[in-house]
Amino acid sequence: MRKKLTEDEKYMREAIRLAKMAEKNGDVPIGCVIVYEGKVIGRGYNRRNKDKSTLAHAEILAMKKAGKIIGDWRLEGCRMYVTLEPCQMCAGAIVQARIPEVVIGCMNPKAGCAGSVINLLEMKEFNHQVTVQRGVCEEECSSMLSSFFAALREKKKN
Ligand SMILES: [Zn+2]
């Protein structure tokens, strides 16, 4: 019998689906969804190369969309799902937006700012702390990245 997906897995799967759109553009596959009252109100995937913009990370794009729907820069009451641990820019924006909860697929030991390099989301010194959950669909999120980079290395060789 097929295992029933948890709510977290369901939304993380949606983020993974978005990450694959990034991959089609030759961008590192990272996807993000923002959920509010049981509905997805923001979706984003990495478009850094596609848009030629440092700012075009999955989380930032999803937050822009969610803000439009909610009609506020504050994303209180929202939960973010992201396939890879956020960078310093996105972690900063998450704190700025007062997002109460972030669910992370896999960690990013060399650049992640939700516990790897630094933990900007849970610093008591800031005016807002985020509840962080790590390791949802971890294997799928991390193998998606490793196969992307393996294919990239293969391409460079030829
Ligand atoms: Zn980022």
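Predicted model: local features only at pLDDT ≥ 70, side-chain atom pairs only at ≥ 80, totals over all residues.
**Entry 1**

Five of them make an open sheet, and I wrote down the order as 2-1-3-4-5. The pairing is mixed.

**Entry 2**

Then I picked out strand 1, which covers residues 31–36. Strand 1 pairs with strand 2 in the antiparallel sense, and six bridges join them. I found Y36 sitting opposite K39 of strand 2.

**Entry 1: helices on the sheet**

Which strands does helix 1 touch? I went through the contacts of this helix (residues 7–24) and noted strand 1, strand 2, strand 3 (78–84), strand 4 (101–106) and strand 5. Its direction makes about 55° with that of strand 3. Helix 3, residues 58–70, lies across strand 1, strand 2 and strand 3. Against strand 2, helix 3 runs at about 145°.

**Entry 2: salt bridges**

How many salt bridges does the structure hold? I got 10, and I looked at some of them one by one.

- D51 bridges to R47, with 2.8 Å between the closest N and O atoms. D51 has a relative accessible area of 34%, so I put it down as partly exposed. R47 is partly exposed too, at 22%.
- R134 and E122 meet through their side chains at 3.0 Å, N to O. This pair links distant parts of the chain: R134 belongs to strand 5, while E122 is in the loop between strand 4 and strand 5, 12 residues apart. For accessibility I noted 36% for R134, which is partly exposed, and 37% for E122, also partly exposed.
- K157 and E154 form a salt bridge with their closest N and O atoms 3.4 Å apart. Both lie in helix 5 (residues 138–157), three residues apart, or about one turn of the helix. Is K157 buried or exposed? With a relative accessible area of 65%, K157 is exposed, whereas E154 at 40% is partly exposed.

How values were computed
Residues numbered from 1 in each chain as written. Heavy atoms only, no water. Pairing = 2+ DSSP bridges. Helix = DSSP H or I, 4+ residues; strand = E, 2+ residues; numbered from the N terminus. Contact = heavy atoms within 4.5 Å. Axes fitted to C-alpha atoms, helices over the stretch in contact; angles between N-to-C directions. Salt bridge = Lys/Arg side-chain N within 4 Å of Asp/Glu carboxyl O. Buried < 20%, exposed > 50% of the residue type's maximum accessible area, 1.4 Å probe, protein only.
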